[in-house]
Every structure is written in structure tokens, then in C-alpha cells.
Amino acid sequence: MDQVLTEVGPRLRRIRKERGATLAALSAATGISVSTLSRLESGHRKPSLELLLPIARAHQVPLDELVGAPPVGDPRVRAKPIVRHGRTMLPLTRQPGGLQAYKVVEPPRTTPAPDPRTHEGYEWLYVLSGKLRLILGDHDVVLGPGEAAEFDTRVPHWFGATGGGGAEFISLFGPQGERMHVRARPTRKEKGD
């Protein structure tokens, strides 16, 4: 912490000089005395939020830049794909537990009959490409690109690609899901289903 504080003064001076501002001009813009600004830059006065906020505003820089806050870690999720039941699931969330998001690549299905299953949770599906057949209780629907479905996974369900090709979709799954509106239309069974 001491190291961070000792680096603030030189950083304040550098930023002020880069902008071509004098201590007097910065004092007029911030309401902070020239003496206090000089002591901040020389390290003879500890920086405080009360002093740094008006300086950041005057220079139009984020406060993080004045104090040299470490950069935020890379927010991209780089989890390894999971292959389960012939599906490739690309995790879109890093944290275990709670709501989980996946991009799922579903290959064309050649299995004879769907085998609906149940488990705890709630799922939401959004089709990106291809056609995804969803059997949910007594409902048998085919979802196309841009269509979504949501359901309680305690209801017997099964889903797989249909129509001769594969499908890609986003799946949000959680032990307690927020309900969204179902926008799926029932269709006639296709050959081979």
C-alpha cells in the first residue's frame, strides 16, 4: 500500500504536465490550493479521495489512472469444451454452482427413439442454427434459429438435432432459473424422427 501511495505524486505531476496545465490552472479547476497540489505531487502530502476525485475530473481521467490501480483481469472465459452424450458443450461461465451457461454443438442424431429424463433444475434454450427437437412431457416441438424454450427439468425431457443436420444453441441451466417466455411452435414430425 505504501508503494502505491508513493507512486501517486509523480503520476499526478506527469499527467498534469502531459496536459500542459500549471499548478495554478489545476488549482482553479479543482478548488485545491496550489500549495496542497504541490505537496501531493512531491509526496509530502498523502493522497485522499477528497483530493484525488476533483483532480481526476479536471484531467478527465479515471481515478484508477491516478492511483495506478492494477488492470482488471481478462474477462474472457477460456474453459475447455466438454463432450457429453455426443454433444460438445462450451462453458460460457467460469464460476461453479448457480446459473451455468453453455454454447452447445449438437451433431445430427441417428439414435432411434428419444429417451426423456428428469433431474433437478430449470433450463432455457436458444437456438442459434439448425433445428432442435424438444420433447417435454406431452409436447413435441421443433425449435428453429431465433426460437427459445424454457422448462422445469423435473418434467421428462429430451432434445436433439433434427432435420438431417446438426444444431447449435445456447443453454442456461440452474438449480433455480428465472422464467422466460416460451416461443416455440409445435410442428409435424419430420421423416426419420
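Let's start with strand β8, which is mostly covered: six of its six residues are buried, where buried means under 20% relative accessible area, exposed over 50% and partly exposed in between, with a 1.4 Å probe and protein chains only. Strands here are DSSP runs of E with at least two residues, helices are runs of H or I with at least four, and both are numbered from the N terminus. The model is a predicted one, in which local features need pLDDT of at least 70 and side-chain atom pairs count only at pLDDT 80 or more, while totals for chains, interfaces and linings use all residues. Residues are numbered from 1 along each chain as its sequence is written, and side-chain values use heavy atoms, with hydrogens and water left out.

What does β8 pair with? Strand β5 (residues 131-136) runs antiparallel to β8 over six bridges; two strands pair if DSSP finds at least two bridges between them. Within this pairing, L136 has H157 of β8 as its bridge partner.

Further back in the chain, β1 (residues 82-84) and β2 are antiparallel over three bridges, and β2 and β3 are antiparallel over four. The strand pairs, side by side:

| Strand pair | Sense | Bridges |
|---|---|---|
| β5 and β8 | antiparallel | six bridges |
| β1 and β2 | antiparallel | three bridges |
| β2 and β3 | antiparallel | four bridges |

V83 finds its bridge partner in T88 of β2, and P91 stands opposite Y102 in β3. Two residues separate β1 from β2 in a hairpin, and H85 in the turn has a positive phi of about 55°. In a regular strand, side chains alternate between the two faces of the sheet. In β2, R87, M89 and P91 make up the covered face, with T88 and L90 on the uncovered one.

Now for the largest pocket. A pocket is an open set of points on a 1 Å grid over the protein atoms alone, where a 1.4 Å probe fits and protein lies on both sides within 12 Å along at least five of seven lines; lining residues have an atom within 4 Å of a point. The largest pocket is lined by 21 residues, and nearest its centre are H85, R87, H119, H157 and F159. Two or more lining residues come from each of β2 (87-91), β3 (100-106), β8 (157-162) and β9 (167-174).

Which aromatic rings pair up? By the rule that ring centres of Phe, Tyr and Trp (its six-membered ring) lie within 6.5 Å, with planes under 30 degrees apart stacked, over 60 edge-to-face and the rest tilted, there are two aromatic pairs. The rings of W124 and Y126 are stacked, because their centres are 6.1 Å apart and their planes at 15°. W124 counts as buried at 17% relative accessibility, whereas Y126, at 32%, counts as partly exposed. F159 and F169 form an edge-to-face pair, 5.7 Å centre to centre with 90° between the planes.

Finally, a look at helix α2 (residues 23-30): L23, L26, S27 and T30 are buried. They line one face of the helix, because they fall within an arc of 105° seen down its axis, the arc being that of the directions from the helix axis to the C-beta atoms. The face turned away carries the exposed residues A28 and A29. Just after α2, G31 takes a positive phi of about 80°.
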